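Please open the structure in a viewer and keep the selection panel at hand.

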Amino acid sequence: MTDGQIGINLTRHIHEKQKQYPEATGELTGILNQLAFAAKIVSREVNKAGLVEILGLTGEKNIQGEQVMKLDVFANDVFLNILGKSGHFCVMASEEEEDVIHVPEGYKRGRYAIALDPLDGSSNIDVNVNIGTIFSIHRRVSDGDEGCERDIMQAGRKLVAAGYIVYGSSTMLVMSTGNGVHGFTLDPSVGEFLESHTNIRIPARGKTYSINEGNYPYWSIGIRKYIDHLKEKDKESGRPYSGRYIGSMVADMHRTLLKGGIFMYPADKKDPKKPHGKLRLLYECSPMAFLCEQAGGAASTGNGAVLDVEPTQLHQRVPFFAGSMEDVRLVEDYIRRYDDGD
Ligand code: P6P
């Protein structure tokens, strides 16, 4: 971009895209702008977290039983307040809240429902590792005054929009409304998200794998054999792959979207309370799967597409394998060959 030439901001990008899709409503523009507004506020706090007391733990635990960092609480409050009063949503869901959240009294109930992980990877906050917000947006399906859980509990295949904000060396919003995946980088000097990554495409095959190897003893045979396969030397197929694991899903998935490879959180036998792995379907796996497929990649539970899973519980977890199409297909083959019937 030459000096003086202002990049396309989020609003203009969505407006341009909507020209191609007359059925799209102007409402998506409003929704994404509200998300961007909340993201700017959270970004400001995340970027100064190292300087102020906000880093401390609240001493409370969220419904997942995880220690809640103060920024978690702050991000949850900011997003739910701004989105709840935006007039776009009939109901909301958050990783930090046990039940769905209704729109405050006196505010319009809108035509959409949103599920959020307000600050994913928060255990990394105090070591200055990238963290992020993940969101998924469905059209309302219920009727009557209040929205309800049914509006949130829809298969990812029906998503209207999804994306994440990654708070790192820069703050980026990466999203899709079903017309490809696009990235916008926050320019703090003008307070705008400017288009920086147009039509992100995941390479068909990658060179890295991303998984918590500490869980190796608890994986199925198929997963262990697949990971062992990636470590074998084979020049022709570009193996051994390099391992890259940050432990913050948004950061690991951001790298996978841009560079290719495969990110995995399989089911494991480590915690009987989490037989399907650690990642949640509605506000982690579904939105990331939507982005992967929109970018030409794939996202699987190991036995089928994540986007085809019909949700049964608000905070349900699913095994997750996502990234380059060929890499995801290969891990599915290993699961079919060694684990089917498990
Ligand atoms: P583990 C962060 O707590 C998170 O939910 C994801 O962001 C991340 O991918 C995963 O958990 C890391 O889990 O068990 O490897 O520490």
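At roughly what angle do the axes of helix 2 and helix 3 cross? To see this in the predicted model, select residues 27-48 for helix 2 and residues 70-84 for helix 3. Their axes cross at roughly 160° and come within 9 Å. Because angles over 145 degrees count as roughly antiparallel, helix 2 is roughly antiparallel to helix 3. The crossing of the two helices is right-handed.

Next, display the side chains where these helices meet. On helix 2, select Q34, L35, F37, A38, A39, I41, V42, E45 and V46. On helix 3, the residues making the contact are L71, F74, A75, V78, F79, I82 and L83. Sorted by class, this contact has 14 nonpolar residues, one polar residue and one charged residue.

Eight strands form an open sheet with mixed pairing, and they are to be followed in the order 4-3-5-6-7-8-9-10. Select 101-102 for strand 4 and 192-197 for strand 10: these are the edge strands, each of which pairs on one side only.

Finally, select residues 249-259, helix 6. Helix 6 lies across strand 5 (112-120), strand 6 (131-139), strand 7 (161-167), strand 8 (171-176) and strand 10. With strand 7 also displayed, helix 6 can be seen running at about 110° to that strand.

Key
Residues numbered from 1 in each chain as written. Predicted model: local features only at pLDDT ≥ 70, side-chain atom pairs only at ≥ 80, totals over all residues. Heavy atoms only, no water. Axes fitted to C-alpha atoms, helices over the stretch in contact; angles between N-to-C directions. Helix = DSSP H or I, 4+ residues; strand = E, 2+ residues; numbered from the N terminus. Parallel < 35°, antiparallel > 145°, perpendicular 65-115°, else oblique. Left-handed = near helix turned anticlockwise from the far one by under 90°. Contact = heavy atoms within 4.5 Å. Nonpolar A, V, L, I, M, F, W, Y, C, P; charged D, E, K, R; others polar. Pairing = 2+ DSSP bridges.
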